[in-house]
Amino acid sequence: MTRAPGFVTRLVLLLVSIAGLGAAPVVSAQAIPPLAVGGPAQSTLQQLRPPSPLDQVREQAMRRSPPLPLPPLPSERWVPERRVYAPELGREVVLPGHYERRISDQQYSVPPLPAYDVRSGTTMTIPGGQRPPAELRQGP
């Protein structure tokens, strides 16, 4: 059985045209972004066309977060060991490291402290009370 030469030619043309359709570029519809509307009409338009999830995430990422409140000032602070001249004793003493409780920026509550005499090594107690910050004190 022989086929007509026109049949083969038509078959080849049909196959080439089908292959050409598969390779044709896809034409997408042209999207026109909506006009930016401000003022009271903006909320109405957002109700009609809510933002996409991607726009919502972008908006949340770009939103400024409120500033954090300042941390509270510490109620106690550590005062390291130091050597001071005690005028009431008339000599230099060593005060051990201790914690002081903050009353205000200018006043601290200091506990009774054992003071060690530098020369003799004897121990005496310095009474506690309200005093200025340790770096501003002249005595114990």
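This is a predicted model: local features need pLDDT of at least 70, side-chain atom pairs count only at pLDDT 80 or more; totals for chains, interfaces and linings use all residues.

Residues are numbered from 1 along each chain as its sequence is written, and side-chain values use heavy atoms, with hydrogens and water left out.

**Exercise 1.** State the secondary structure of the protein and its order.

Step 1. The protein has three helices and eight strands; helices (H or I, at least four residues) and strands (E, at least two) are DSSP runs, numbered from the N terminus.
Step 2. Along the sequence, the pattern is α-α-α-β-β-β-β-β-β-β-β.

**Exercise 2.** Classify the aromatic pair and locate its two residues.

Step 1. Rings of Phe, Tyr and Trp (its six-membered ring) pair if their centres lie within 6.5 Å; planes under 30 degrees apart count as stacked, over 60 as edge-to-face and the rest as tilted.
Step 2. This rule gives one aromatic pair.
Step 3. The ring centres of Trp78 and Tyr99 are 5.0 Å apart and the planes stand at 65°, so the pair is edge-to-face.
Step 4. Because Trp78 belongs to strand 1 (residues 76-79) and Tyr99 to strand 4 (residues 98-102), the pair ties together parts that are 21 residues apart in sequence.

**Exercise 3.** Decide whether Trp78, Val16 and Asp117 are buried, partly exposed or exposed.

Step 1. Buried means under 20% relative accessible area, exposed over 50%, and partly exposed in between (1.4 Å probe, protein chains only).
Step 2. Trp78 has a relative accessible area of 48% and is therefore partly exposed.
Step 3. Val16, in helix 1 (residues 5-23), is exposed because its relative accessible area is 55%.
Step 4. Asp117, in strand 6 (residues 113-117), has 8% relative accessibility and so counts as buried.

**Exercise 4.** Which residues does Asp117 touch, not counting residues up to four places away in sequence?

Step 1. Contact means heavy atoms within 4.5 Å.
Step 2. With that exclusion, Asp117 touches Arg91, Glu92, Val93, Thr122 and Met124.
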